[in-house]
Amino acid sequence: MRSTDGDIVDMFLERNEDAINATSEKYGRRIRNIAFRIVGNIQTAEECENDTYLEAWNRIPPSEPRTYLMAFLSRIARTISINRSVSDHRLKRFAYIDELSSEMEQCIASSSSVEKEVDAKLLIEAICSFLKKQPKEKRVIFMRRYYYLEKTSAIAKCFGYKESSIRSILFRMRNELREYLEKEEII
Amino acid sequence: MKGKDLLKLMSEADVSLIEESENAPQVEKKKISKMAWLLPLAGVVAIVLLIGVGVLFQNGKKQTSMSSEEKRHEDLGYGIYLDTIAGVEFHSADAEDKIRYGLLSDGSDIILSQSDIGEYIGTVSDDRGQELVGKKAYHYAKYPKYNSIIIVELEDSYALFCAYGYSVDVPLGDSLKDAFTKYGLPEKGVKIEVYDHNEKLIRTITERSDIEQIVEILVSCNNIGYTEPNRRLVQAWNETYGNDYVYLDEKSGTIKYRDIIIDQTIQESISKSSFGGVETKSEGERLPVEDMADELWHKDSLELIIEVSEGYRIRLNYCPLARKISAFNGAFDLTEEKMKKLDALLK
């Protein structure tokens with residue numbers, strides 16, 4: 001029987017190395033999938049997975065993600081994988097990250113001519129607040145694209161839409177988000 | 001702040017948003033508003049269908065449409081295990097599975113019917129949510145021999161689960177033999193798909209003798225870890241470009257890059273010598289070392305997917321420059337002779 005999230009976090013807190021095995025057994029496949037979607041290479045995805053365990057080991061304690069261990073790990077795996085993709089400059093993946101970055105840039109391209117220093121903490125809070133006001137479907141589509149970095153074609157298949165529909169949903173959401181951020185004086 | 005920073009910042013999104021979106025729910029198409037005039041007719045059709053379903057399932061069996069229980073299970077993304085198949089974790093069908101098993105019709109999930117339930121395959125023995133332990137699982141009738149897709153009987157409906165294959169760890173120094181034996185290779189090998197480094201399918205091998213020969217080569221390779229293959233990649237860089245901009249960190253066994261941008265003169269000569277005349281960057285643009293190394297190392301690499309009769313798949317990466325096959329948790333050593341044979345069979 002596999003350990004509960006609480007058990008695993010306890011093992012991390014006790015500095016018990018079995019925590020890594022228990023995490024790998026329970027969430028390894030999902031962490032690998034997140035990394036693979038971003039880096040597009042099995043070996044690199046596995047390296048990112050291992051780095052994720054190491055980072056979790058370093059962060060627990062002080063963190064104690066008993067109730068959100070998978071989300072905690074996915075955040076780490078995502079950050080490590082994006083950094084890896086960017087630093088490795090893997091041509092194809094790098095281009096993909098660039099594509100996503102330029103889409104995201106639309107959300108913070110203020111119509112004002114004055115460049116404003118953006119507070120990252122306020123910005124992410126405002127984005128989350130905006131997303132929570134959206135219907136669940138749109139919210140999940142946005143997260144699948146910009147958190148899990150999924151291709152629009154894959155999202156379209158999951159949701160039963162044409163790819164062009166997903167692209168226009170995301171386009172409208174990016175514009176609405178930019179307007180929201182301007183209204184909230186974040187950008 | 002740039003778009004790339006914002007993309008990274010999304011890692012700090014609320015846990016609730018991350019959890020909600022981790023497993024994309026199968027949302028129905030919502031096109032009711034444009035079709036409102038059809039609603040009364042749809043009601044009539046629904047009644048007719050309900051009567052039909054009642055007639056079809058009058059023996060007390062359940063309909064296999066998506067229930068709230070299944071949706072909840074899918075949202076949670078639980079992995080499950082069966083008592084009859086050790087070491088294989090089943091997960092809710094994702095987009096790739098749905099395409100593979102033809103579970104989508106015109107972009108929407110197909111609704112399974114009673115006739116889709118095949119032979120009994122086993123009982124759920126482990127489930128992270130503990131909700132499915134003890135439930136019975138069946139083959140998907142469309143693929144009666146596949147263990148890689150199963151239907152689990154719930155209280156009032158059924159749920160689909162899929163598996164990639166066995167969880168296998170190959171210790172350092174060991175060959176792929178045990179792992180492949182677990183999959184029943186070469187006897188159970190059905191096909192090998194070969195993809196180039198751009199993920200383009202270049203060949204599907206179905207000839208039994210070819211599959212056997214490829215497997216024979218692969219099982220003779222031992223896991224040597226990543227340090228030695230990395231050393232070979234660095235050596236290939238040195239031999240090609242005559243500098244140490246890329247080097248091996250002996251302590252960690254990983255490859256490091258010097259923070260250098262190659263100037264245009266060097267880039268041009270590289271484009272001609274190693275990219276076969278294909279320009280990958282616009283004129284005047286400078287090229288980081290990592291890009292050059294990646295192109296050099298991976299331009300000839302291949303992705304192999306071996307499928308066995310139970311439907312399980314093994315993914316392998318073949319990198320000729322590193323003389324290695326990456327699979328499971330290891331890097332497996334290839335000799336020049338083995339690579340020659342492998343190339344002849346794959347290309």
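How many bridges join strand β17 of chain B to β18(B)? The report takes up this pairing within its sheet, then turns to the nonpolar cores and to confidence. The model is predicted.

## The sheet of chain B

Strand β17 (residues 324-327) of chain B is joined to β18(B) by four bridges, and the two strands run antiparallel. Within this pair, K324(B) is placed opposite D333(B) of β18(B).

Both strands belong to an open sheet of six strands in chain B, ordered β10-β9-β15-β16-β17-β18 with antiparallel pairing. The edges are formed by β10 (201-205) and β18 (330-333) of chain B; each has a single partner strand, so one side of each lacks a neighbour in the sheet. On average, neighbouring strands of this sheet are turned by 25° against each other, direction ignored.

## Nonpolar cores

The largest nonpolar core comprises 61 residues, and A35(A), L73(A), A77(A), I141(A) and Y146(A) have the most contacts inside it. Domain 1 (5-88) and domain 2 (91-183) of chain A each supply at least three residues to this core. Leaving aside residues up to four places away in sequence, Y146(A) touches L100(A) and M104(A) as well as L7(B) and M10(B).

## Confidence in chain A

Chain A has a mean pLDDT of 82, with 90% of its residues at 70 or more. Within chain A, helix α1 (residues 5-13) has the highest confidence, at a mean of 90, whereas helix α5 (residues 91-108) has the lowest, at 74. Where pLDDT is low, predicted coordinates should not be read in detail.

Technical notes:
Residues numbered from 1 in each chain as written. Chains lettered and ligands numbered in written order. Predicted model: local features only at pLDDT ≥ 70, side-chain atom pairs only at ≥ 80, totals over all residues. Pairing = 2+ DSSP bridges. Axes fitted to C-alpha atoms, helices over the stretch in contact; angles between N-to-C directions. pLDDT = per-residue confidence, 0-100. Core = buried A, V, L, I, M, F, W, Y, C linked by C-beta atoms within 7 Å. Buried ≥ 20, exposed ≤ 12 C-beta atoms within 10 Å, placed from the backbone. Domains from an automatic or database assignment. Contact = placed C-beta atoms within 7 Å.
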